[in-house]
Amino acid sequence: MALCKNVGAMDRGMRLGVGIVALVLAFTYFDAMSGGIAGIVAIVVGVVMLLTAALSICPAYIPFKINTCRTKESAAK
C-alpha cells in the first residue's frame, strides 16, 4: 500500500521550523544529553516533525482524511 502525500508546502515549512527549534531546545535549554524527560520529549517531537516534513506524509492525518497538499486531484474534488 503506497501512502499518498498529505502535507502541503506551508505545513512542511512549519514542521521544519518546529522540528529544528525543538531539537535546538532539546540540546541547549532542556539538556537532553543528561537524560532529562523534557529533553527526550523535545528530541522525539523534533525528529517526528523533521521526518514528516521530509516525507510529506503525516500518519496522524490519515484517519481524519486531512490533506494540506494542493494537487490536481484534490482541486478537482
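Predicted model: local features only at pLDDT ≥ 70, side-chain atom pairs only at ≥ 80, totals over all residues.
Colleague: How far apart are the end C-alpha atoms of H2, and what span should its residues give?

Modeller: Helix H2 covers residues 37-55, which makes 19 residues. At 1.5 Å a residue they should span 27 Å. The end C-alpha atoms agree with that, being apart by 27 Å.

Colleague: Which residues of H2 are buried, and within what arc do they fall?

Modeller: The buried ones in H2 are Gly39, Ala42, Gly46, Thr52 and Ala53. Looking down the helix axis, these buried residues line one face, because they fall within an arc of 165°.

Colleague: And what do those buried residues pack against?

Modeller: We're talking about the buried residues of H2, with Gly46 among them. Their packing partner is another helix, residues 9-28, namely H1.

Colleague: Which element gives the largest share of the nonpolar patch?

Modeller: The patch is on the surface and is formed by Val18, Ile37, Val41 and Val45. Together they have about 350 Å² of accessible area. Three residues, the largest share, come from H2.

Colleague: What about just after H2: which residue takes a positive phi, and of about what value?

Modeller: Go just past the end of H2 and you reach Ser56. Its phi is positive, at about 60°.

Note on methods: Residues numbered from 1 in each chain as written. Heavy atoms only, no water. Helix = DSSP H or I, 4+ residues; strand = E, 2+ residues; numbered from the N terminus. Expected span 1.5 Å × (residues − 1). Buried < 20%, exposed > 50% of the residue type's maximum accessible area, 1.4 Å probe, protein only. Arc of directions from axis to C-beta. Contact = heavy atoms within 4.5 Å. Patch = residues over 30% accessible without salt bridge, like charges linked within 9 Å, V, L, I, M, F, W, Y side chains within 5 Å. Areas by Shrake-Rupley, 256 points an atom, 1.4 Å probe, with all protein chains shown as cover. Salt bridge = Lys/Arg side-chain N within 4 Å of Asp/Glu carboxyl O.
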